[in-house]
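Please work through the exercises below with the sequence and the model open side by side, and try each task before reading its solution.

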Amino acid sequence: MSPTRFPPHFAKTDHRQRSLNQMRSKQLGLEKYIYLNGLKGRDSDLFYDILLENMQEMIPILYTPTVGEACVNYSHIWRRPEGLYVSIEDKGHIRDVLASWPNFNDGRIAVVTDGSRILGLGDLGANGLPISLGKLDLYIAGAGIKPSSTVPICLDLGTNTQRYLDDPLYIGVRRPRPLGPEMDEFMDEFMEAMKEVFPTLLVQFEDFSTDNAFKYLERYRHQYRVFNDDIQGTGSVILSGFTNAARLSSAASGLPPSDQKILFLGAGSAGIGVAKQLLSFFTLSGMSPEEARSRIYTVDSKGLITANRKGLQEHKKFFARTDYDGPALTDLVDIINHVKPTALLGLSTIRNAFTEKVVKAMCALNPRPIMFPLSNPVALCELDYKDAIEWSNGQVIFASGSPYKPVSHDGVVYEPGQGNNMYIFPGIGLGSILSRTRHVSDAMVEQAAIALANSLTEEENAAELVYPRLARIRDISAQVAFAVIRQAQKEKLDDNAYLRTLPDSDLLGLIHDKMWQPPALQLRSFTRL
């Protein structure tokens with residue numbers, strides 16, 4: 001742009017602060033999202049520079065909880081092309097659509113959603129693209145993934161939500177979602193085309209419906225570079241937080257960590273995915289897989305899940321109880337009194353499901369109960385932090401899916417934990433990219449969780465936190481990436497032989513060096529003609 005287009009003394013002012021002030025002047029979260037979206041389009045380097053300096057403030061806008069509102073309204077707030085849409089109508093020439101992406105030679109990581117289960121908000125169809133955009137912003141901020149190497153994709157496969165089909169501004173294809181063979185054929189063509197167009201790219205599946213999330217992860221995980229953050233990432237970050245929470249709980253009860261007993265409210269893809277990941281908590285202490293599974297109980301809308309229930313969905317059978325054949329247990333307090341859990345985890349998307357009676361029932365059984373209400377966004381969270389502290393008199397060990405502010409109770413300030421997937425997936429992505437891993441194994445995800453659990457500083461441990469503070473996210477991501485790389489090497493899944501030659505300290509240094517930073521913002525002096 002010509003220098004004469006700038007005000008004469010523009011270069012003497014702080015445009016970064018000006019932009020931050022403009023964002024803060026917006027009253028609503030959605031307005032802030034729209035502003036930041038526009039800033040990224042106008043000046044991406046400035047956008048990421050501001051993001052890196054203000055992550056605690058901006059991440060809840062760019063991702064949960066505000067991104068949910070952005071998705072719901074995306075057809076109405078759409079401003080410009082941002083990501084890549086692959087439609088069911090593109091079937092037969094998906095490769096051509098993918099090859100139209102301007103930086104396809106640089107592509108290293110894609111977040112792919114079909115919009116069918118966005119943050120517990122349901123089937124949002126083509127409105128789901130902001131979830132891919134937001135996730136990739138977190139890869140960039142959290143692990144220094146280069147922006148030009150990211151590929152946000154929404155699979156526009158129709159929607160079963162009638163209000164979108166009736167909305168004249170809806171931007172997606174107007175048809176019900178495909179089923180069975182039609183969906184499988186589309187996904188097979190899509191994944192093969194992704195491998196052809198982006199041969200070095202890692203695919204992260206995001207917010208697919210429960211059955212399809214499990215189905216396509218298993219279908220492709222050994223054939224392509226792919227993982228599912230809802231299943232593996234969520235499970236990994238909760239395994240990490242639970243490991244630290246169990247240590248605090250055991251210190252209060254005097255019982256060994258292996259005596260933990262976990263009750264899940266919610267048995268969708270995230271709930272079962274987390275439950276399966278938490279098996280590692282027990283097996284790492286020496287339990288057999290069968291013994292570990294016996295320590296986990298699951299509850300859905302019909303109550304405690306038992307193996308004798310008729311019509312039980314396939315993914316729920318793994319944790320279905322075989323040791324109870326009495327009348328159906330449907331009330332959560334009754335289930336707690338029957339199971340006697342040390343930990344209650346919520347992935348139900350049922351607002352305030354953890355009532356005062358539920359909290360007090362957990363406190364009656366445990367001196368320091370573990371309660372993780374993990375549903376996103378806040379509007380779907382099972383328990384607010386203020387209520388958790390007041391009802392437990394500050395005894396609860398708490399982590400949520402969405403951010404909460406510290407709470408003061410009886411003169412003590414309590415700091416909440418947030419089981420934010422951002423602690424895990426950026427490091428998994430960076431480690432997978434640098435090691436050029438052929439697949440993302442369960443052991444790699446498990447080692448990522450262990451690295452996160454061990455990343456707390458002395459001060460954070462003294463404060464009895466279960467997660468490190470997000471301000472250190474790049475250091476945390478480096479430690480996670482390091483663990484992922486070493487595990488990939490151990491399993492001989494890596495194609496980057498050079499990293500094998502590096503001592504640990506050099507490898508960690510290389511990981512930091514590979515993290516992208518926005519170009520230094522320089523105040524320029526313009527000569528006006």
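The exercises that follow concern a predicted model, and each task is followed by a worked solution.

**Exercise 1. The open sheet**

Work out in what order the strands of the open sheet are arranged, and find which strands stand at its edges.

Solution. Begin with the arrangement: the open sheet is formed by five strands in the order E1-E3-E2-E4-E5, and their pairing is parallel. Strand E1 (84-87) and strand E5 (226-228) each have a single partner strand, so they stand at the edges and one side of each is left without a neighbour in the sheet. Between neighbouring strands of this sheet the average turn is 25 degrees, direction ignored.

**Exercise 2. Aromatic pairs**

Classify the ring pair of Tyr 164 and Tyr 170, and then the ring pair of Phe 281 and Phe 282.

Solution. A pair of aromatic rings is described by the distance of the centres and the angle of the planes, and the count of aromatic pairs in this model comes to 14. For Tyr 164 and Tyr 170 the ring centres are 5.7 Å apart and the planes stand at 25 degrees, so this pair is stacked. Tyr 164 is buried at 4% relative accessibility, and Tyr 170 is buried with a relative accessible area of 5%. For Phe 281 and Phe 282 the centres are 5.1 Å apart but the planes stand at 85 degrees, so this pair is edge-to-face; both Phe 281 and Phe 282 are buried. Elsewhere, ring pairs link Phe 205, Phe 208, Tyr 216, Tyr 220 and Tyr 224 into a cluster. Finally, consider charges over rings: Arg 163 lies over the face of Tyr 164, at 4.7 Å from the ring centre, while Lys 276 lies over the face of Phe 318, at 5.0 Å from the ring centre.

**Exercise 3. Cysteines**

Solution. Starting from Cys 154, the closest cysteine sulfur is in turn that of Cys 71. Cys 71 is buried, with a relative accessible area of 0%, and Cys 154 is likewise buried at 0% relative accessibility. The count of disulfides comes to zero.

**Exercise 4. A glutamine in a loop**

Decide whether Gln 260 is buried or exposed, and list which residues it touches.

Solution. Locate Gln 260 in the loop between helix H12 (229-253) and strand E6 (262-265). Its relative accessibility is 2%, so Gln 260 counts as buried. Leaving aside residues up to four places away in sequence, Gln 260 touches Phe 242, Ala 246, Ser 249, Ser 250, Phe 281, Phe 282, Arg 295, Thr 342 and Ile 370. Among these contacts are Phe 281 and Phe 282, the rings of the edge-to-face pair in Exercise 3.

Technical notes: Residues are numbered from 1 along each chain as its sequence is written. This is a predicted model: local features need pLDDT of at least 70, side-chain atom pairs count only at pLDDT 80 or more; totals for chains, interfaces and linings use all residues. Side-chain values use heavy atoms; hydrogens and water are left out. Two strands pair if DSSP finds at least two bridges between them. Helices (H or I, at least four residues) and strands (E, at least two) are DSSP runs, numbered from the N terminus. Axes are lines fitted to C-alpha atoms, for helices over the stretch in contact, and angles run from 0 to 180 degrees between N-to-C directions. Rings of Phe, Tyr and Trp (its six-membered ring) pair if their centres lie within 6.5 Å; planes under 30 degrees apart count as stacked, over 60 as edge-to-face and the rest as tilted. Buried means under 20% relative accessible area, exposed over 50%, partly exposed in between (1.4 Å probe, protein chains only). A charge sits over a ring if NZ of Lys or CZ of Arg is within 6 Å of the ring centre and within 35 degrees of the ring normal. A disulfide is a pair of cysteine sulfur atoms within 2.5 Å. Contact means heavy atoms within 4.5 Å.
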